[in-house]
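Let's take a walk through this structure together, one region at a time. Keep the viewer open and follow along as we go.

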Amino acid sequence: MNEQFLARMRELLGPDYDAYVETLNNPPFRGLRANLLKIQPDALVKRQFASLSPSPFAQEGFVLTGSETGLGNHIYHRQGLFYMQEPSASSAVTILDPQPGDWVLDLCAAPGGKSTQIAARIGQSGFLIANEIDGGRARVLMSNLERLGVSEAVITHASPERLCPQLGGWMDKVLVDAPCSGEGMFKKEDRALADWSVEHVRACGQRQQKILESAVFTLKEQGILVYSTCTYAPEENEQVIDQFLRKHPEMELIDCSVDFGRPGLSTGLVDGAKVRRIFPMDQGEGHFVAKLRKTVAQPAVRQRFFKSAPLSSIVREFLSDQLTDLSDLHFHLEQDRLSLMRHEFIQLENIPVLRQGVMAGEIVKNRVEPHHHFYMSALLQDRFKNTAALDENQLAQYLQGLPLTAAAPRGFLCLSYEGYPVGFGKSDGAVIKNKYPKGLRTR
Ligand SMILES: C[S@@+](CC[C@H](N)C(=O)[O-])C[C@H]1O[C@@H](n2cnc3c(N)ncnc32)[C@H](O)[C@@H]1O
């Protein structure tokens with residue numbers, strides 16, 4: 001372990017330093033979160049697929065108490081029933097407290113641990129803008145939102161400086177889960193430890209200030225901003241909030257109002273009792289969370305929405321063949337790609353959008369070729385007309401990409417296992433052609 005880092009921790013923790021050093025010999029805390037869009041926590045536990053105990057950091061979270069490995073390949077994971085997440089990482093969204101109907105911006109969103117948690121809390125009446133600056137990570141974010149069946153979201157790939165001016169005054173809640181020096185990730189990520197230096201900590205602090213500067217404009221009056229990191233350095237935590245409050249008297253620091261973790265440091269304008277710190281002695285690898293509220297009016301910038309796309313007879317036929325109800329849906333067509341969701345599609349200027357709503361399918365040569373997201377979406381999961389339930393053997397074949405021999409109605413079918421969709425296939429009446437995405441198949 002880096003000696004300079006340890007010296008700083010000794011200064012930060014005082015009498016708790018020895019307890020911290022002892023935790024360095026323990027394996028990292030592991031956890032998962034039930035995806036409330038698809039399943040309730042008690043129903044997930046009843047499936048007895050892992051040793052779980054309730055997490056102190058989120059009502060839908062669990063700490064993994066056993067040594068199970070490979071849960072990322074478990075069928076319930078593939079079905080989007082849970083998301084693997086270090087327990088303390090769920091604390092920021094608990095403090096953000098998104099409610100059904102909220103508009104929420106997650107400005108640093110990949111790989112999507114917190115975005116998927118927000119999406120489940122706001123449900124299908126709320127709307128999520130999940131932004132990630134890094135292209136490769138943005139694609140991982142997209143695949144996680146797809147797996148968890150999120151529909152009411154737009155996934156953008158832009159810098160905060162470019163995106164935020166277009167969202168002025170629109171947001172009920174904003175999460176800045178900032179890129180940081182990752183001192184709470186040392187056990188999991190060798191790179192975080194290798195990259196660590198005091199200079200890096202300071203550079204992270206400056207970048208974090210800049211991100212907050214962009215984020216604040218997007219909040220409505222009374223809107224809530226949550227700032228979080230997975231590092232312990234005061235330069236990236238309380239000091240960032242102190243600097244921010246000095247520049248933004250319209251923002252007030254409010255109490256996190258949770259009973260997990262411990263208070264932070266009081267410094268400058270920051271009352272340490274209001275912010276939250278989590279150390280490994282508090283049952284999580286490490287997080288810092290601060291909660292702020294905007295106290296002035298913020299006129300909303302004009303927002304444009306796409307008109308719901310008129311549907312061709314081919315598309316209409318496909319949709320009414322597949323779904324029992326379309327009445328509450330908006331549709332959007334872009335380059336023969338059909339998307340749908342309950343919200344109107346937002347029109348952002350010069351912002352790359354990886355996905356908005358559910359990717360329903362692509363129009364190819366006068367027919368619709370459906371997309372995996374269509375069958376994974378929580379919004380549609382109870383609306384499919386043509387379905388087939390797979391048994392364990394069929395499931396194993398399906399995950400390998402093999403065709404299934406089974407009598408089923410002709411055409412596209414939603415395939416489920418133990419009551420939850422896993423993907424789709426195309427039946428000719430006797431054989432179901434496998435449409436499980438190649439990148440997800442088992443070998
Ligand atoms: C701590 S991670 C986010 C984790 C995510 N919220 C989750 O729960 O899965 C921080 C993210 O910020 C992104 N990032 C890096 N530099 C950035 C910048 N200047 N502005 C915004 N985001 C940035 C990183 O690519 C990274 O994905």
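How many Å separate an oxygen atom of the ligand from an N or O atom in the side chain of E132? The distance is 2.6 Å. Keep in mind as you look that this is a predicted model. A polar side-chain atom of R137 lies 2.7 Å from an oxygen atom of the ligand, while an N or O atom in the side chain of D177 is 2.7 Å from a ligand nitrogen atom. On its own, the ligand has 600 Å² of accessible area, and the protein covers 83% of that.

Next, let's turn to a position that comes with an annotation. An unreviewed UniProt entry lists C230 under "active site". You can find C230 in the loop between β9 (219-229) and α11 (238-247). Is C230 buried or exposed? With a relative accessible area of 18%, C230 is buried, because the cut-off for that label is under 20%. Beyond its neighbours within four places in sequence, C230 is in contact with C180, G182, E183, G184, M185, G286 and H287.

Now for the aromatic rings. A search of the whole structure finds 19 aromatic pairs. One of them joins F318 and F374 in a tilted arrangement, with 5.5 Å from centre to centre and 35 degrees between the planes. F318 sits in helix α12 (residues 313-322) and F374 in helix α13 (residues 372-376), so this pair ties together parts that are 56 residues apart in sequence. Both partners are hidden from the surface: F318 counts as buried at 8% relative accessibility, and F374 is buried at 0%. The two rings also belong to one aromatic cluster, made up of F318, F374, Y375, F384, F412 and F424.

Our last stop is L96, which is located in helix α5 (residues 91-96). L96 counts as buried, at 1% relative accessibility. Which residues does L96 touch, not counting those up to four places away in sequence? They are V104, I118, K173, V174, L175, I224 and V226. For a sense of scale, try the distance from L96 to S159: these residues are 63 apart along the chain, and their C-alpha atoms are separated by 22 Å.

Notes. Residues numbered from 1 in each chain as written. Predicted model: local features only at pLDDT ≥ 70, side-chain atom pairs only at ≥ 80, totals over all residues. Heavy atoms only, no water. UniProt positions renumbered as here; feature names shortened; annotations may be inferred. Helix = DSSP H or I, 4+ residues; strand = E, 2+ residues; numbered from the N terminus. Buried < 20%, exposed > 50% of the residue type's maximum accessible area, 1.4 Å probe, protein only. Contact = heavy atoms within 4.5 Å. Polar contact = N/O pair within 3.5 Å; in protein donor to acceptor, adjacent residues only side chain to side chain. Areas by Shrake-Rupley, 256 points an atom, 1.4 Å probe, with all protein chains shown as cover. Phe/Tyr/Trp six-rings, centres within 6.5 Å; stacked < 30°, edge-to-face > 60°.
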